[in-house]
Amino acid sequence: LICECRAAGVIVAPPDVNASGFRFTVADGVIRFGLGAVKGLGAAAIDSIIEARAEGPFTSLYDFCERVDTQKVNRRVIESLVKCGAFDQSGGADRAVMMLAIDEALEAGARRQKDRRDGQSSMFEMLAASSSGGDSGAGINWPKAEPWRENVRLAFEKECLGFFITGHPLARYEMELNVVSSANTDLVKNK
């Protein structure tokens, strides 16, 4: 079905922490994967994400970890979101880099949540938030990592979603396959 959508010019986009609901949605001719389709995400985690983003879109992985309930949205959930591309538009870094930063982001988020509960915030945080309008991820000291090769990225998408979304491992061989194949599954009739 995903191939049929692509052939018809309909974009099937990965989940997005700022745009996806629980179920699949359609907007501007784009079918957006729902967060409910991501393996490892339960209803409580999805509800926590949707509730936290009601305050405004997430601007980075760190902002996300600061605002969601980390009792419901744990490391395993965040790993699945990174692997499937749910932070591609708002995470602030490449998927490989974000995977390395998850523990630090969770720790920083826990500290900020604790400070908020205790009624504390530093003068520097208030100044940074007022001058930048929030945490855009620009001042974050991200770990260094090479971007994942395409086959690794696709394998993680398949693991978390059950499908290849941003590409397909055989796509680079499509022309060669069309030359050497004499039939495809669309032409085979059931007997």
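## Cysteines C84 and C160

In this predicted model, the sulfur of C160 lies 5.7 Å from the closest cysteine sulfur, which belongs to C84. That distance is too far for a bond, because a disulfide requires the two sulfur atoms to be within 2.5 Å. A disulfide is a covalent bond between the sulfur atoms of two cysteines. A search of the whole structure accordingly returns zero disulfides, and C84 takes part in none.

C84 is one of the buried residues of helix α4, which spans residues 75-84. Because seven of its ten residues are buried, α4 is largely enclosed by the rest of the structure. Which helices supply the packing partners of these buried residues? They are α2 (43-53), α3 (61-67), α5 (95-117) and α7 (150-161).

The two ends of α4 each show a local feature. At its start, a side-chain oxygen of N74 comes to within 3.2 Å of the backbone nitrogen of R76. Just after the helix, G85 adopts a positive phi of about 95°.

## Residue S80

S80, in α4, has a relative accessible area of 9% and is therefore buried, since the cut-off for that class is under 20%. With neighbours within four places in sequence set aside, what does S80 contact? Its partners are V38, K39, L41 and C160.

Strands of a sheet pair through backbone hydrogen bonds, either parallel or antiparallel. Here three strands make up an open sheet with mixed pairing, arranged in the order β1-β3-β2. The edges are formed by β1 (11-13) and β2 (25-27), each of which pairs on one side only. From one strand to the next, the twist averages 25°.

Between β2 and β3 (residues 30-32), the pairing is antiparallel and extends over three bridges. Within this pairing, T25 stands opposite R32 of β3.

## The loop between β2 and β3

D28 is located in the loop that joins these two strands, β2 and β3. Most residues other than glycine have a negative phi, and most peptide bonds are trans. D28 has a positive phi, near 55°, although the residue is not glycine. With a relative accessibility of 81%, D28 counts as exposed, because the cut-off for exposure is over 50%.

## The chain as a whole

The chain contains eight helices and three strands. Read from the N terminus, its elements follow the order α-β-β-β-α-α-α-α-α-α-α.

What share of the 191 residues counts as buried? The figure is 34%. The accessible surface comes to about 11800 Å², and carbon and sulfur atoms contribute 55% of that area. Among contacts with a separation of 6 or more, 60% involve residues 24 or more positions apart.

Note on methods. Residues are numbered from 1 along each chain as its sequence is written. This is a predicted model: local features need pLDDT of at least 70, side-chain atom pairs count only at pLDDT 80 or more; totals for chains, interfaces and linings use all residues. Side-chain values use heavy atoms; hydrogens and water are left out. Helices (H or I, at least four residues) and strands (E, at least two) are DSSP runs, numbered from the N terminus. Buried means under 20% relative accessible area, exposed over 50%, partly exposed in between (1.4 Å probe, protein chains only). Contact means heavy atoms within 4.5 Å. Two strands pair if DSSP finds at least two bridges between them. Axes are lines fitted to C-alpha atoms, for helices over the stretch in contact, and angles run from 0 to 180 degrees between N-to-C directions. Accessible areas come from the Shrake-Rupley method with a 1.4 Å probe; for residues, only the protein chains shown count as cover. A polar contact is a pair of N or O atoms within 3.5 Å; within protein, one must be able to donate a hydrogen and the other to accept it, and residues adjacent in sequence count only if both atoms are side-chain atoms.
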